[in-house]
Amino acid sequence: MVSADFSVNSGAVFTEAIGNDRLDLLTDYPFTRLANLLAPITPRANVAPVLLTVGEPQHTPPAIIEETLRASASGWNKYPPVGGTPEFRAATGDWLTRRYDLPAGLLHADSSILPLSGTREALFMLALLAVPTQKAGRQPAVLMPNPFYAPYEGATVMAGAEPVFLSATRETGFLPDLDALTPELLERTALFYLCTPANPQGAAATPAYLAKAIGLARQYGFVLAVDECYAEIWLDAPPVGALQVAAKLHETNGLPYADGKPWSNLLVFHSLSKRSSAAGLRSGFVAGDPALIGRFSRLRSYGCAGMPLPILAASTALWRDEAHVEENRAAYRAKFAAAEAELGGRYGYYRPAGGFFLWLEVGNGEEAARRLWAEGAVRVLPGAYLSRSNPGEPNPGEAFIRVALVQDTDTVAQACASIVRILG
């Protein structure tokens, strides 16, 4: 008779051998690290906590959401298609055409747009789509700005690629220096994550910068993923978009729009989380290269649920409405004005092109975060939790804190006054 040991200890032995060891290459998620950093600290009891860490807009969501969800409630009992509805694709296609002044009919929504349940999971899954086993006979590389959105790194590591952190500092205009990329690196690059306006620095890429990035993607055969989720939170002028630049490149080169090539190697990501203060709706989309969109749809059919039909309906209504976006933008302008008045140019303050973050240089981000929480109950994120050290280089986020201006204007003003009072 064969005996089996089903004891707890026996199970523990087997458990140690189970799992994808790539996960161990990742640090804790930035907000987990922050929670561990501040856990031993009890802020002053007579001060109300102010949370300026997560980029979670606290504005009242548009009434359109509740109205449309209620009217579309019959769709909750249906499995939604991965490709969404024709109405959603048409609304997002029309929005892209208006927002980025694309030639009429250039963007074919049914083949070039895919709805997403938020952009984080799609940005992560993109690495599974874009990273081959080898590139140029070596381990593939995935490029990303440094600092960066944490899912870029997580996706890269779990896909078996090498993350390459491209410093985005004041000296480089807070965007990666494309001229510093070597042919050797580019030849094994499978994917380049680029965020514009940048998170956390708010820098927006110029048309020339985006044109160069698109050209490199096509020359070296990699996917350029442009994260434009902050594109609708701008202060002075709407940031240029990658599709806009790609369309102009196509026209300049004298190529016919009907050949389906304007978006080759290019994907852009957009979300309603920031644009419409609807983070909980988990609604976004990816647009671009039809060949990549087709493969993305196939991959997502295996690993993702489609966006529920009522949420698709609410999202469609939001993409067709600009009034609430203009109100949203005006509210952020007021908050930046309040922050600027309180900070008075301290900590390297500058007016960003887009987004809703302050990227403040405070000497030591972790120490500043501890002091602000202990003495003022103001919770901010150390910049080092969004960045990595390269050999021979300092961590580009170590001296910074990220402050998310997601609360109301008065709260933002009071928090910035606390930053000045506590940090000096």
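Helices (DSSP runs of H or I, at least four residues) and strands (runs of E, at least two) are numbered from the N terminus. The model is predicted, with local features requiring pLDDT of at least 70 and side-chain atom pairs pLDDT 80 or more, while totals for chains, interfaces and linings use all residues. Residues are numbered from 1 along each chain as its sequence is written, and side-chain values use heavy atoms, with hydrogens and water left out.

**View A. The largest nonpolar core, with 92 residues.** A nonpolar core is a set of buried Ala, Val, Leu, Ile, Met, Phe, Trp, Tyr and Cys residues joined through side-chain atoms within 4.5 Å. Buried means under 20% relative accessible area, exposed over 50% and partly exposed in between (1.4 Å probe, protein chains only). Leu96, Leu224, Leu266, Leu358 and Val403 have the most contacts inside this largest core. Helix H9, residues 207-220, gives the most to the core, namely seven residues.

**View B. The surroundings of Val403 in the largest core.** Contact means heavy atoms within 4.5 Å. With residues up to four places away in sequence not counted, Val403 touches Leu52, Phe356, Phe357, Leu358, Leu360, Val380 and Ile419. One of these partners, Leu358, is itself listed with Val403 among the residues that have the most contacts inside the core.

**View C. Helix H4 packed with helix H13.** H4 covers residues 86-99 and H13 covers residues 309-319. The two helices pack at an angle of about 20°, and their axes are 9 Å apart. That angle makes H4 roughly parallel to H13. Axes are lines fitted to C-alpha atoms, for helices over the stretch in contact, and angles between N-to-C directions run from 0 to 180 degrees; under 35 degrees counts as roughly parallel, over 145 as roughly antiparallel, 65 to 115 as roughly perpendicular and the rest as oblique. From H4, Glu87, Phe88, Ala91, Thr92, Trp95 and Arg98 meet Leu312, Ser315, Thr316 and Trp319 of H13. This contact has five nonpolar, three polar and two charged residues (Ala, Val, Leu, Ile, Met, Phe, Trp, Tyr, Cys and Pro count as nonpolar, Asp, Glu, Lys and Arg as charged, and the others, Gly among them, as polar).

**View D. Arg89, a residue of helix H4.** Arg89 counts as buried, at 13% relative accessibility. Apart from neighbours within four places in sequence, Arg89 is in contact with Gly83, Gly84, Ala109, Asp110 and Ile113. Arg89 and Ala287 are 198 residues apart in sequence, and 9.8 Å separates their C-alpha atoms.

**View E. Helix H14 packed with helix H16.** H14 spans residues 323-343 and H16 spans residues 409-423. Their axes are 8 Å apart and the packing angle is about 25°. H14 is therefore roughly parallel to H16. On the H14 side the contact is made by Ala331, Ala334, Lys335, Ala338, Ala339, Glu342 and Leu343; on the H16 side it is made by Thr409, Val412, Ala413, Cys416, Ala417 and Val420. By class, the contact has ten nonpolar, one polar and two charged residues.

**View F. The buried residues of helix H10 and their cover.** In H10, residues 242-252, the buried residues are Ala242, Leu243, Val245, Ala246, Ala247 and His250. Among the elements that cover them are H4, H9, strand S6 (223-227), strand S7 (266-271) and strand S8 (284-288). Ala242 has a relative accessibility of 0%. Not counting residues up to four places away in sequence, Ala242 touches Leu210, Ile214, Val226, Glu228, Leu266 and Val268.

**View G. Cis peptide bonds at Pro147 and Pro200.** The bond joining Asn146 and Pro147 is cis, with omega about 15°. Pro147 lies in the loop between strand S3 (141-146) and helix H7 (150-158). The bond joining Asn199 and Pro200 is also cis, with omega about 20°. Pro200 lies in the loop between strand S5 (189-195) and H9.

**View H. Positive phi at Ser277 and Tyr347.** Ser277, a residue other than glycine, has phi near 50°. The loop between helix H11 (272-275) and S8 holds Ser277, which is buried with a relative accessible area of 6%. Tyr347 is not a glycine either, and its phi is about 60°. Tyr347 is found in the loop between H14 and strand S9 (357-361), and is buried with a relative accessible area of 13%.
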